[in-house]
Number of protein chains: 2
Amino acid sequence: MTQTVLESATKTAIIGFDQPFCVIGERINPTGRKKLAAELEAGDFSTVESDALAQVAAGATVLDVNAGVVYNSNPNPNETEPPLMRKMIELVQGLVDVPLVIDSSVAPALEAGLSVCKGRPMVNSVTGEEEKLEYILPLVKKYNVPVVAISNDDTGISEDPEVRFAVAKKIVERAADFGIPSHDIVVDPLVMPIGAMAGAGRQVFELVRRLREELKVNTTCGASNISFAMPNRSGINSIFIPMAAACGMTSAIMNPLHEAEMMAIRAANLLNNNDPHGADWIRANKVEGESPAGARGGREGRRRRRG
Amino acid sequence: MTQTVLESATKTAIIGFDQPFCVIGERINPTGRKKLAAELEAGDFSTVESDALAQVAAGATVLDVNAGVVYNSNPNPNETEPPLMRKMIELVQGLVDVPLVIDSSVAPALEAGLSVCKGRPMVNSVTGEEEKLEYILPLVKKYNVPVVAISNDDTGISEDPEVRFAVAKKIVERAADFGIPSHDIVVDPLVMPIGAMAGAGRQVFELVRRLREELKVNTTCGASNISFAMPNRSGINSIFIPMAAACGMTSAIMNPLHEAEMMAIRAANLLNNNDPHGADWIRANKVEGESPAGARGGREGRRRRRG
């Protein structure tokens, strides 16, 4: 059974076919969060701190850390992002003990993050683009860490799932050339918005199954993208993730503060036989005072108040 | 693409790989409903009437009709059930226009139902038991109707999914001997409670996939059985159905009055690309007064009341 092992200084998180679905918290990311971006440029890390604590409290077992701010004072992220990434990783690892994902499209920022991160973080990401493969894979090998492989290449993102599968296969093969085993590659098959492409859901389900059966790799995705521009996004996301999990998806980069999605993942773990004795489901769904003693106590309490 | 066609006098319901998930309303069934059983023996059909109307209003596109009452006045269902089944089917078809499933373990009751039912109902059920095969399949052939095939046989219900698959295959082959095509067989792979068998969910997902890929048949199940004796049953059922649908399940015999399950099925249809233009999802999730005109109208109305 394929297992991708992530570690902090003290904790292990495993992404795997026979493991509970791995929830990777997406919140520590200034992309599309203007207030957070401004805070980071000003050296204010209060939102990073509260996001780290809240996501772990909500059940994330891994946190993604993205430092992708373009400073108003300096428009070159190759200069500004590496020190910011170092600072954010040190800060987050001082607060919470879950393993991290170092997330950047700026290669020196990935290297900066890897140089300070304790444990065995995952790199996010490599793609099938030649330049990325040649820069990122040696880094992944040097630090002996797993990596997210996004299935686009120099020709862009293909709408054809056959092409996206072929790109994933190419990345796995190139990684093997560098001595990186396939169990350290977590493929993101790319989730398109269903509002723009009606077959986007089925496409992901079929890709995930092939990636698992043919390449034997773990998979992840930016789950909420599926529902972009649709009403009741949480209603769609909380069904999309279990359906993908039924087809073999083993992790997602997502917002763990959304309770509907988290409860759906608990049910999916139970139904996929990855919740021993249903312990997690039962704990999360226990009714207060449901035990006979509790129920009696409640009624007696009410009687006393009335009497 | 496999299609199983059910008809009433005026309406068609299709169970199929490229169709919205077919919701078969389960409520018209006295099993485990003592009050309904007593009403039926007393000739009171008010609950049957209200259940028929409520289930269709809630979105069931097919209704199951089961007349399985053991009368206190006559313990022989071979005598009492056939006339009751006739009466119930005539009553339901007088009230609602969806196709029906004639559900009985008493063979003469199936025949009585078939003799009066308008359109093309489905028979529920045949099993792999020899006596059933020899009695039910000729009936199915005579009336040219589809049939639910439950994957147990004379040895009982096997916990081994290989055996359950083999039983389903045997039924499909025997049906072919009678001239019944496989698209008129809807296999119920049997859903065990996850509380009694931790692998019950995964087992169904894998069986459904094999039944679809290898036998090319539609599938159904008594969905709620999966969550028996667990807390928050609706939370489990509403994730189980989409996961099964992602693996190829095309219908379920279920309670359409449970809103969480019905909304989950709408999301599953959208994600499986069986909701053209997302029309059903958008209609079901439209926020009241969300359109500019509607919102204005609402505000003006309030202003007028205040002014």
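Start by selecting T127(A): at 5% relative accessibility it counts as buried, where buried means under 20% relative accessible area, exposed over 50% and partly exposed in between, with a 1.4 Å probe and protein chains only. Before moving on, note that this is a predicted model, in which local features need pLDDT of at least 70 and side-chain atom pairs count only at pLDDT 80 or more, while totals for chains, interfaces and linings use all residues. Residues are numbered from 1 along each chain as its sequence is written, chains are lettered from A and ligands numbered from 1 in the order in which they are written, and side-chain values use heavy atoms, with hydrogens and water left out.

T127(A) is found in strand β6 of chain A; helices (H or I, at least four residues) and strands (E, at least two) are DSSP runs, numbered from the N terminus. Show side chains and you'll see T127(A) make a polar contact with the side chain of E129(A) at 2.6 Å. Polar contact here is a pair of N or O atoms within 3.5 Å; within protein, one must be able to donate a hydrogen and the other to accept it, and residues adjacent in sequence count only if both atoms are side-chain atoms. Leaving out residues up to four places away in sequence, T127(A) touches K132(A), L133(A), I150(A), N152(A) and I171(A), contact being heavy atoms within 4.5 Å.

Next, select β7(A), residues 147-150. Which way do its side chains go? V147(A) and A149(A) point one way, V148(A) and I150(A) the other, and all are buried. On one flank, β6(A) (residues 122-127) pairs with β7(A) in the parallel sense over four bridges; strands pair if DSSP finds at least two bridges between them. The chain gets from β6(A) to β7(A) through helix α5(A), residues 130-143, in a right-handed β-α-β crossover. Right-handed means that, with the strands pointing away from the viewer, the path from the first strand over the helix to the second runs clockwise.

With helix α6(A) (residues 161-177), β7(A) and β8(A) make a right-handed β-α-β unit.

Zoom out to the whole sheet of chain A: it is open, with eight strands in the order β9-β8-β7-β6-β5-β4-β3-β10 and parallel pairing. β9(A) (218-219) and β10(A) (251-254) stand at the edges with a single partner strand each, so one side of each has no neighbour in the sheet.

Hop to chain B and select V62(B), in strand β4(B). It counts as buried because its relative accessibility is 0%. Its C-alpha lies 9.6 Å from that of I14(B), 48 residues apart along the chain.

Then pick helix α3(B), residues 77-95: its 19 residues reach 26 Å from first C-alpha to last, close to the 27 Å expected at 1.5 Å a residue (1.5 Å times one less than the number of residues). At its N-terminal end, N76(B) is the cap, with a side-chain oxygen 2.9 Å from the backbone nitrogen of N78(B). Buried residues of α3(B) include L84(B), M88(B) and V92(B), and the cover over the buried residues includes α1(B), α2(B) and β4(B).

Last stop: show both chains. Here 30 residues of chain B are in contact with 30 of chain A, and the two bury about 2700 Å² between them, 71% of it on carbon and sulfur atoms. Buried area is the accessible area (1.4 Å probe) that two parts lose on being put together, summed over both. In chain B, select I239(B), M243(B) and L271(B), which lose the most area to chain A, together 25% of what that side buries.
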